[in-house]
Amino acid sequence: MDSTRKEWLLNALIAGALFAVPLWACVVNEPFIITLATRIAILAIAAVGLNIALGLGGMVSFGHALYLGLGGYVAGIAAHHAFHGTEILGLPGTNQMLPIWALATVLSGLVAGVVGALSLRTSGIFFIMITLAFAQMGFFFTLSWPAYGGEDGLPIFVRNQFPGLNTARPWEMFLLAYAVLMLCLAAFAGLRAARFGAALMAIRQNPDRAAALGISPFGIKLVAFVLSGMITGLAGAMMADLTRFVSPAMMAWTVSGELIVIIILGGVGRLFGPVAGAAILVGFEVFFGGLTEHWKLWLGLVLLAVVLFARGGFIGLLAGRVRHGG
Amino acid sequence: MTLALVLEQLLNGVQFGLMLFLMSAGLTLVFGVMGLINLAHGSLYMIGAFLCAAVAAASGNFWLGLVAGIAAAAAAGALIEILVIRRLYARDHLDQVLATFALILILSEGVRMVFGPFPLYLNVPEALRGTVSLGIVEYSVYRLALIGFGLAVALGLWALIAKTRLGIRIRAGESDREMIAALGVNIRALYTIVFALGAGLAGLAGALVGAIQSVQVGMGEPVLILAFVVIVIGGIGSIRGAMVGALLVGVIDTMGRFLLPRFFATFMETSQAMGVGAALASMLIYLLMALVLIFRPKGLFPAHG
């Protein structure tokens, strides 16, 4: 079996397992496992976003926690105002997920546009550092801005609502996250197969040659960066609703690191890499976290081993290498 | 707001900047010579602080602790260079970021396992307690000593790099790695020495700062990020840039936190001004870094032309 078919089989298995396990948990009434699977799905959405910039475009953004946090605060602030019946900038709050998602996505896209336009003037280690700097700005801003809880964060007392679903039920919240994840994966696959994706990958592999073919690297990379931020922002809004809490910690630099770790564990640029990576990270935390309080030591060792010896990540390990650099 | 208060804050800024320089010097050397981005540099800072606190508590002597802290950080640096870092020189920045991120997890948990989850406390040495009068301001002797210490180490580092054979090799390594290897310099040993040197400086900074803060797991990461801001502003690979960047960051951060809330209070309600001022002050150095990168994408003192 060639590696492309192997990868599709593996993708189907991962998608199936991520659905089957919480379904089983729903039947035997284990809400903790359903919530865990929901967390995996939402983290995977965030990482799918980053995978557009990092996997397809080769832009190592060390600041994607900024968009996760932005999305989270959109959900938190909207719910806060809806709960208290107050207005923000002349507008009422809302407890409906759809307008919250739209706002989170658009706002993240706008911020990513500004950050990307400035950051893409640099490259290499400078790009890593400037994206980190922008995320730190957001982190410290939310930390010291007192209006929405500052350091203490902002609780969402009642989970926001989605038409036709009862989002307070773990299983229905999971279905929602799963559906959004599948849509985002389809969007990623579509983007990768489109001319845009081809141009983006060409720029990653050889910017000079791509430019010689008439592709403008800056514009394409910027669009990819914006799309990337939008998807991660959407995940942030969902994550805040899942935990019913948003705090500056969502923008911490370690979160940006974890998003990269998810992609690397799963396999860079692979369609289902973020899903596999998120499942491995969360599974690791729950499994080893139950065994030893020092689970992060083991996570570090595993990550080190993956970076040093298994560069294709989980999917690369099982499905083989991509022949044309993905 | 008196002149004395401003002067005190300015001195605090300089002291903070010089400690940042100790951190940044190693980071920028390692990047300049080996082309490696090392997130685990903050862990070496932490190791220096923990060993200093533990040895100082056991022996009752701060200076013994300081030596132990530097030695432990340098030894840990040499060890991780040989075991891990060495395999990363030829890799791209993404792999380096990830592997050293993994090292942070390992070293932080390792320290937590050895020293337990609670912070350690390190007392300022007997001889440096109290305050000293500097004309219009009473200033902490220890902080003043930190300024002196930082300047002395900076001078020593300059002498090492400008005047010694090791320094010549380090500079040669920065400009052309292959060539100095071809000239018969043991490049692997040189890399280990440079890494251990940077680690020792980080350990020194950690031990010195440990006496005015609590010594705890995770203390290295905020400083690490500031050190990255410093070397990006200064120009990665440039020691002179690290010095200028460190003083800029130290003074701007300290003065921003001190002045901005007061500035906003002149035309806003006090509690609101405090919030806005503090929020803006905490973003100030990142704003500075973004501005520098936008107008000088390679930093103020680009190391490689």
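**Figure 1. The order of helices and strands in chain B.** From the N terminus on, the elements of chain B in this predicted model follow the order α-α-α-α-β-β-α-α-α-α-α-α-α, which amounts to eleven helices and two strands. Helices (H or I, at least four residues) and strands (E, at least two) are DSSP runs, numbered from the N terminus. Residues are numbered from 1 along each chain as its sequence is written, and chains are lettered from A, with ligands numbered from 1, in the order in which they are written. Because the model is predicted, local features need pLDDT of at least 70 and side-chain atom pairs count only at pLDDT 80 or more, while totals for chains, interfaces and linings use all residues.

Figure 2. The C-alpha trace of chain B spans about 65 × 50 × 35 Å along its principal axes. Of the 305 residues of chain B, 52% count as buried; a residue is buried if 20 or more other C-beta atoms, placed from the backbone, lie within 10 Å of its own, exposed if 12 or fewer, and partly exposed in between. The mean pLDDT of chain B (the predictor's confidence in each residue, from 0 to 100) is 89, with 99% of its residues reaching 70 or more. Within chain B, confidence is lowest in helix 7 (residues 177–182), at a mean of 81, and highest in helix 3 (residues 62–83), at 95.

**Figure 3. Helix 2 of chain B and the glycine that follows.** Helix 2 (residues 41–59) of chain B has 19 residues and reaches 27 Å from its first C-alpha to its last, close to the 27 Å expected at 1.5 Å a residue, the expected span being 1.5 Å times one less than the number of residues. Since 15 of its 19 residues are buried, helix 2 of chain B is largely enclosed by the rest of the structure. Just after this helix, G60(B) takes a positive phi of about 75°.

**Figure 4. The contact between chain A and chain B.** The contact takes 36 residues from chain A and 35 residues from chain B, where two residues are in contact if their C-beta atoms, placed from the backbone, lie within 7 Å. On the side of chain A that touches chain B, the elements giving two or more residues are helix 5 (124–144), helix 10 (253–266) and helix 12 (295–309) of chain A, and helix 5 of chain A gives the most, with 14 residues. By class, this side of chain A has 27 nonpolar, seven polar and two charged residues; Ala, Val, Leu, Ile, Met, Phe, Trp, Tyr, Cys and Pro count as nonpolar, Asp, Glu, Lys and Arg as charged, and the others, Gly among them, as polar. Helix 5 of chain A is largely enclosed by the rest of the structure, because 17 of its 21 residues are buried. For the complex, the predictor gives an ipTM of 0.86 and a pTM of 0.89.

**Figure 5. The surroundings of I45(A) in the largest nonpolar core.** A nonpolar core is a set of buried Ala, Val, Leu, Ile, Met, Phe, Trp, Tyr and Cys residues joined through C-beta atoms within 7 Å. The largest one has 221 residues, and those with the most contacts inside it are I45(A) and V229(B). Helix 2 (residues 31–56) of chain A supplies the largest share of this core, 17 residues. Leaving aside neighbours within four places in sequence, the residues in contact with I45(A) are V180(A), L181(A), C184(A), I231(A), L234(A), A235(A) and M238(A).

Figure 6. L183(A) is found in helix 6 (residues 170–193) of chain A and, with 14 C-beta neighbours inside 10 Å, counts as partly exposed.
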